[in-house]
Amino acid sequence: MSPLVDPFARPISYLRVSVTDRCDFRCTYCMAEHMQFLPKKDLLTLEELDRLCSRFIALGVEKLRITGGEPLVRKGIMTFFRAMSRHLVNGALKELTLTTNGSQLARFAGELADCGVRRVNVSLDTLNPEKFAQITRWGRLDQVQDGIRAATAAGLSVKINAVALKGFNEDELFPLLDWCAGEGHDLTFIEVMPMGEMGEEMRLDQYWPLKDVRARLAERFTLTELSERTGGPARYVRITETGQKVGFITPLTHNFCESCNRVRVTCTGELYMCLGQEDMADLRAPLRTSTDDGLLDDSIRAAIARKPKGHDFDYSRQKVAGQMSRHMSHTGG
Ligand code: SAM
Ligand code: SF4
């Protein structure tokens, strides 16, 4: 079976799947406090998620990242991780991983490790309990820290993702770095993206360009650019003084699309070929119409054949261009 390659000769080897739009937090840059969630019948069932991911793996996907919403609040989600682990065992899948807010890790870390998960990304924007409660609205920092400790104890390596927010965690750049160094976690900063409806003014107020974060780091440390790329948007530097690797996900100040190897599926089975474009393909219909995988494969191939060259996010003219109306929790961050 020929693998998936898009019109710009980029092989599609990385799939990110959102397994729920729900979450136990309400991070201010991600969700409104009172979200209208989807009716259950609209979500792919765990069996449909299994079938869908398995088809992508058969078509050449080697890395699968589970996200949401908060993936670990989806009922029965360990059944799905257990099912995906069969693809690790037979070697078709090289990596099974997830992005989580960490709130449920204390409960699930051992089982995840058992399913072959080796690494987990935990989103954490501040180490201050009050600020944590403020930015997540509903979260508790100690619960997340317990989760991170449980993950480490289970043998998972933890990467911390922090959204860089002007006026919010600017003063925590070095404390976050020190804490990650002490705990042995890699750290990646993310630029806030124009996802979901939020006042334009608020977005621009929040936006702390990572080139400024980097410049701040360089005032104190020697940074060496690393050539390593994961096929994703992150660029990495090594801090000579601490040996730490720090990542920057800069969709707005850098265009990273040329090496894009990924596509995303929402919890309702919409395949987005680009995080920053509206075009998508409905995979739930072929999943539900036919038990034969032919229709599903055809839909996947037809969608990949129109994967766009890149996104159009741009804040450079002091306005939010390329704004997407869907929330990050919908597409899966
Ligand atoms: N709930 C999980 C979590 O928080 O890690 C997984 C889903 S969350 C949508 C994935 C990532 O997207 C998180 O690291 C979060 O900080 C990030 N995110 C959410 N909204 C964002 C935005 N508007 N701009 C940049 N990153 C965002
Ligand atoms: Fe939930 Fe993650 Fe969005 Fe925060 S960023 S509200 S934890 S989905």
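How many nonpolar, polar and charged residues does the shell around ligand 2 have? By class, that shell has 5 nonpolar, 2 polar and no charged residues, where Ala, Val, Leu, Ile, Met, Phe, Trp, Tyr, Cys and Pro count as nonpolar, Asp, Glu, Lys and Arg as charged, and the others, Gly among them, as polar. The residues that surround ligand 2 are C23, F25, C27, C30, M31, G69 and N101, a residue being near a molecule if one of its heavy atoms lies within 4 Å of it.

This is a predicted model, in which local features need pLDDT of at least 70 and side-chain atom pairs count only at pLDDT 80 or more, while totals for chains, interfaces and linings use all residues. Residues are numbered from 1 along each chain as its sequence is written, chains are lettered from A and ligands numbered from 1 in the order in which they are written, and side-chain values use heavy atoms, with hydrogens and water left out.

Around ligand 1 there are 18 residues, of which Y29, G69, T100, S123 and M193 come nearest, and by class this shell divides into 7 nonpolar, 8 polar and 3 charged residues. An oxygen atom of ligand 1 lies 2.5 Å from an N or O atom in the side chain of S123, and an oxygen atom of the ligand is 3.2 Å from a polar backbone atom of T100. A nitrogen atom of ligand 1, in turn, is 3.2 Å from an N or O atom in the side chain of E70. Taken alone, ligand 1 exposes 550 Å², and the protein buries 95% of that, the areas coming from the Shrake-Rupley method with a 1.4 Å probe. Strand 3 (95-100) and strand 6 (186-191) are the elements that give two or more residues to the shell around ligand 1, strands being DSSP runs of E with at least two residues, numbered from the N terminus.

The hairpin of strand 8 and strand 9 has 5 residues between the strands, and in it G243 takes a positive phi near 80 degrees.

Strand 9 (residues 245-249) is largely enclosed by the rest of the structure, because 5 of its 5 residues are buried, that is, under 20% relative accessible area with a 1.4 Å probe and protein chains only. Both of its faces are covered, with K245, G247 and I249 on one side and V246 and F248 on the other.

Methods:
Polar contact = N/O pair within 3.5 Å; in protein donor to acceptor, adjacent residues only side chain to side chain. Helix = DSSP H or I, 4+ residues; strand = E, 2+ residues; numbered from the N terminus. Buried < 20%, exposed > 50% of the residue type's maximum accessible area, 1.4 Å probe, protein only. Pairing = 2+ DSSP bridges.
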